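Subject: Structure for you to look at

Hello,

Here is the structure I promised. Please open it beside this email and follow along.

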Amino acid sequence: KLVADGQLDGITPEQLADEFVLIDAKLDQDISAVVVDEGGEETLAEMAKRLRAGQNYLDLPNLAIPTEDGYRFTSEKFEPSNLDGEIVDWSRYTERLGPFDAPIRTAVGCPFQCEFCDFAQLYRPKLRSIESLLGELRTLAGSMPAPRNVFFADDNVAISQKRLTEFTRALVAERLQLSWRAFIRADSVDEESAELMRDSGCRECLLGIESGDPEILSNMNKRLDPDKALRAVELLDKNGINTQCTFVVGFPGECSRSIERTAAFISAFPSGDHANAIQRYYLFRFQALPLCPVSSSAAQRQRYQLEGLGEQWKHSTMDSQEALGAMRDLFLQVKGSSHMYTEIVPPDWSTAKTRAVMELRDEVKKAHLNNSPAAKQLEAELLESVQENESA
Ligand code: SF4
């Protein structure tokens with residue numbers, strides 16, 4: 001039986017069911033079974049094997065199976081993640097990968113405890129050995145022409161500065177000719193690590209910076225200094241490494257002043273002719289996730305007068321609807337860097353052309369949002385820059 005209580009008081013079962021499976025079995029009837037475990041790979045793999053063989057899997061441990069009147073739970077069996085033992089042989093999949101990144105893990109979990117993030121509640125941090133990681137990467141290098149595109153699918157590829165150095169040095173020594181990207185904390189980037197990342201084939205860093213306002217960062221327990229974060233973006237750019245920086249809009253304390261600070265912060269990223277690489281940013285609206293510290297602690301909810309769950313919330317300085325307006329304001333205030341969309345860039349475009357087109361595209365969008373008469377002219381310039389033949 002599942003019991004929801006305490007700080008979730010006042011939240012309806014329907015709201016909870018929107019955020020969780022296992023709350024309302026009737027809504028989950030099209031799910032055959034849910035694997036309930038921190039890792040769960042062993043159960044999932046066995047389930048897939050049995051399904052393929054047409055065998056029964058409902059007697060496996062760690063399953064929650066929807067029934068007419070609730071859930072039936074099978075026995076519990078702790079499955080510690082075995083990162084070192086999970087060596088994928090990429091020679092079996094390279095054809096199917098095509099131009100996409102091979103997703104490879106170097107670790108799970110994150111030792112930080114940002115208030116809006118639930119990752120720390122989901123997994124305990126665990127590192128994979130460098131030997132195991134290299135073993136897997138060699139299967140990729142042995143079966144694919146260079147550069148080999150990899151996405152290190154960790155919550156944070158630099159669990160510590162020491163680990164980042166060790167990891168990038170190993171990639172450099174191995175000469176794997178990778179082109180990799182990963183989530184990384186901005187404060188892990190300094191002169192030395194940026195150069196090592198470049199030399200090991202890093203093409204893009206995904207930096208969760210979250211705000212340009214020190215007070216909001218402190219509320220978030222982000223433990224990040226905006227000046228250091230800006231320095232990280234500059235260092236990565238200097239080394240030709242692209243960045244995608246994410247920002248959370250609407251965290252408790254957010255107001256028009258903090259939005260202005262974040263816009264000024266993003267506007268300071270290298271852009272236009274002052275940039276070597278491409279800086280893009282992405283705005284997320286704050287979500288009161290059920291397991292994140294700020295919404296799962298009664299004291300924090302009280303401190304910020306935070307009510308609601310998921311995408312519907314309000315607190316003492318903003319509500320979820322106002323946050324949408326704040327995102328629009330922020331976008332309109334940013335100069336230079338471009339917002340990130342799901343975009344496919346033609347492979348023959350240079351970095352300079354890609355950056356110019358993306359930045360101009362944002363100007364067109366801003367002109368339309370402002371009903372500016374300049375929109376038509378900007379559109380014509382955008383079309384021209386898209387069609388421009390770089391080899392001419
Ligand atoms: S936001 Fe990033 S740094 Fe913070 S806890 Fe989550 S994964 Fe870790």
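Angles between axes under 35 degrees count as roughly parallel, over 145 as roughly antiparallel, 65 to 115 as roughly perpendicular and the rest as oblique. Axes are lines fitted to C-alpha atoms, for helices over the stretch in contact, and angles run from 0 to 180 degrees between N-to-C directions. This is a predicted model, where local features need pLDDT of at least 70, side-chain atom pairs count only at pLDDT 80 or more, and totals for chains, interfaces and linings use all residues. Residues are numbered from 1 along each chain as its sequence is written, and side-chain values use heavy atoms, without hydrogens and water.

Start with the helix pair. Helix 14 (residues 351–369) packs against helix 15 (residues 375–387) at about 160 degrees, with the axes 9 Å apart. Helices (H or I, at least four residues) and strands (E, at least two) are DSSP runs, numbered from the N terminus. Helix 14 and helix 15 are therefore roughly antiparallel. Their contact (heavy atoms within 4.5 Å) includes V357 and L360 of helix 14 and L378 and L382 of helix 15.

Seven strands form an open, parallel sheet in the order 4-7-8-9-10-11-14; two strands pair if DSSP finds at least two bridges between them. Strand 4 (102–104) and strand 14 (338–339) are at the edges with a single partner each, so one side of each has no neighbour in the sheet. Strands 8 and 9 pair over four bridges. W180 has C202 as its bridge partner in strand 9.

Last, the ligand. Around the ligand (a heavy atom within 4 Å) are C110, F112, C114, F116, C117, F119, R185 and K222.

Best wishes
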